[in-house]
Amino acid sequence: MPEPVLEVRQLVRHFPVRRGLLRRTVATVKAVDGVSFTLAAGRTLGLVGESGSGKSTLARMLAGIERPTAGQVLVHGEDVARLSRAGRKRLRRDVQMVFQDPYTSLNPRMSVGEIVGEPFAIHRITPAGGRRAAVGELLELVGLEPGHASRYPHQFSGGQRQRIGIARALALRPGILVCDEPVSALDVSVQGQVVNLLQDLQEELGLSYLFVAHDLGVVRHIAHEVAVMYLGHVVEHGPSGDVYDDARHPYTRALLSAAPVPDPAVRFAPAGDAGRGDGAITLEGEPPSPTNPPAGCVFHTRCPLARALGSEAADGALAGETAVLTGERPGGGHHVPERCARTAPVLEPRAACHFARSVPAAVKVES
Amino acid sequence: MSEEARPLAGAWRALRRRPDTVAAATVVLFFALMAAFPALFTSTSPRSCPIRDARLDPQGWGAAHPLGTDALGCDVLATLVHGVRPSLLLAAVVVGVSVMIGVTLGLLAGYYLGWVDYLVSRAVEVFLVVPLLLAALLVLSLFQGVDLGAGTFQVILLPAVVLILFGWMPYARYVRASTLEAKNLDYVTAARSLGASDVRIMVRHVLPNAIGTVTALLPTSVAGVISAEAVLSFLGIGVRPPATSWGIQIEQGSEWVTGGAPHILLAPLVCLVATVLALVVLGDALRDALDPRLAR
């Protein structure tokens with residue numbers, strides 16, 4: 001495995017909830033609660049999960065916008081928190097962010113040239129050949145014309161604006177780009193162009209991406225590895241193909257089955273209808289509040305597997321389970337919580353056997 | 001840098017294309033000229049006030065008293081012309097300094113929140129609940145024996161201090177509110193993740209997008225200052241005689257509106273309304289011109 005450019009160890013971000021006259025902390029929102037992973041040079045890690053799972057908070061911590069409550073972020077092996085102010089500024093140049101909404105991420109009162117050239121102004125750098133030439137080159141790199149520098153953001157379409165945002169992020173020649181849902185605000189036709197641009201840039205400049213998205217299709221297309229987040233934890237992490245084709249964690253399976261398939265016949269095929277799709281796994285209930293996550297495995301309150309195990313779950317056996325990814329990923333392979341890995345054979349048939357109603361049927365198939 | 005100069009050049013081009021803007025600019029220039037060179041507009045002294053000529057009706061151009069005389073027999077046109085300088089200077093100084101104080105404090109409060117915001121917000125509330133006249137009386141008693149001199153600036157110094165002291169709060173409030181809104185937008189986050197300093201973020205990103213409400217407030221504030229100054233004059237801490245101002249004229253003229261001499265009030269009132277309207281139009285045009293989204 002190549003040298004990691006970015007390493008995250010047990011990263012935690014808690015937001016205090018303050019109430020009352022004395023602003024006492026009455027609760028803590030555990031947005032990110034112990035996440036570890038590594039990102040190698042030239043690779044893309046896709047981060048998926050539903051709203052509120054902590055994806056964006058994680059992305060913002062990596063880009064230096066949020067400070068972690070605990071844990072370490074290592075860029076090229078250096079702990080960001082331990083560095084001096086100047087050192088942090090230097091490292092910050094190496095991790096840049098692409099934002100979700102291209103309509104709010106560009107200052108409407110600055111010209112494109114000022115926006116893309118601002119990183120140079122902030123870091124007091126005069127690039128070789130002058131700032132204007134450098135801005136022109138950056139605009140060409142992302143598929144715009146150098147002449148666009150004198151225009152203003154409102155004169156561009158969403159896709160073009162996102163290209164401007166990417167050009168700004170690339171100005172300081174970073175090694176790592178944190179993309180927080182970079183295409184989810186764009187038209188589907190434009191999404192493809194921007195994703196392709198990102199892939200071309202990765203090839204050309206050897207960039208590493210942390211690609212946050214809730215669109216599983218886009219992540220499958222661009223990511224080499226996928227990490228699935230639920231309630232501030234990574235519940236499954238592995239090479240893209242493995243996670244998509246052989247998801248082990250019940251949450252990942254539910255997430256994958258909820259991804260829209262552009263074919264109604266497949267989409268609504270009954271569960272277990274061989275060769276026509278797995279049928280949708282419907283998770284019951286809402287995600288628990290991140291202020292008071294369930295003890296043990298955070299997913300056990302909604303886990304069809306936990307329910308299938310029935311009495312064992314009721315005894316609280318699952319509550320004591322550390323069904324969360326911790327520490328290093330052994331051997332860089334497919335990684336899920338131990339319990340899910342152990343119980344996985346029970347779920348092995350590709351049909352939604354752990355889907356509460358179909359459990360008996362699936363068991364029959366197996367026996 | 002030419003990149004910096006371009007928005008201003010564009011602003012000038014957009015300004016020129018609007019006839020209402022040109023008219024408004026003409027009005028403002030006219031009064032500015034009057035303030036600078038009052039002798040061009042009248043040869044009568046505002047201090048020669050023969051009481052037997054009191055409350056003469058307007059006599060038209062070329063006559064001794066084109067706009068008539070006031071209750072004391074002073075020439076209305078001469079008073080008007082000589083009152084422009086203190087009135088406009090006072091308005092400009094008060095609005096300018098209050099905006100500077102208000103915008104700075106509002107920006108700091110909205111950006112840093114925490115104890116800065118606590119201090120600024122409480123200060124705003126304290127100054128808002130103290131009645132202007134009460135505070136004016138206090139300042140008056142503090143400065144009663146002080147002779148500041150007779151120059152235009154010295155004449156307006158006292159009312160300026162009082163009006164600034166109790167005039168900066170609305171700006172601070174508006175700017176604080178729009179700063180709160182603007183500072184959470186992605187482009188501010190983007191600048192921060194690039195490592196921009198707080199000052200740079202405030203000046204380049206937050207302020208230009210938060211100042212809109214204040215520019216809309218400015219022209220009417222000018223009118224407010226001129227009329228507030230009239231009230232202060234009544235208390236003796238406004239512009240002091242023998243200097244004159246539009247505020248004093250309006251104050252004195254209002255007694256005679258129903259007494260057969262409405263021109264004493266109407267002359268300065270028309271000038272005040274014209275100035276304020278011109279500033280409203282100019283303010284609108286300037287705001288549109290500086291907003292790249294509205295440029296053609």
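Tutor: In a regular strand the side chains alternate between the two faces of the sheet. In strand E6 (residues 95-98) of chain A, Val95(A) and Met97(A) point one way and Gln96(A) and Val98(A) the other, and all are buried (under 20% relative accessible area with a 1.4 Å probe, protein chains only). Strands are DSSP runs of E, at least two residues, and helices runs of H or I, at least four, numbered from the N terminus. This is a predicted model, in which local features need pLDDT of at least 70 and side-chain atom pairs pLDDT 80 or more, while totals for chains, interfaces and linings use all residues. Residues are numbered from 1 along each chain as written, chains are lettered from A, and side-chain values use heavy atoms, without hydrogens and water.

Student: Which residue is the bridge partner of Met97(A) in E7(A)?

Tutor: Two strands pair if DSSP finds at least two bridges between them. E6(A) pairs in the parallel sense with strand E7 (residues 176-180) of chain A over 4 bridges, and Val178(A) is the partner of Met97(A).

Student: What is the order of the open sheet of 4 strands?

Tutor: The order is E2-E1-E4-E5 in chain A, with antiparallel pairing. Strands E2 (24-40) and E5 (78-79) of chain A stand at the edges with a single partner strand each, so one side of each lacks a neighbour in the sheet.

Student: How many salt bridges are there between chain A and chain B?

Tutor: A salt bridge is a side-chain nitrogen of Lys or Arg within 4 Å of a carboxyl oxygen of Asp or Glu. The count is 2; Glu118(A) and Arg200(B) meet in a salt bridge at 3.0 Å, N to O. H3(A) gives the largest share of the side of chain A that touches chain B, 6 residues.

Key:
Buried < 20%, exposed > 50% of the residue type's maximum accessible area, 1.4 Å probe, protein only.
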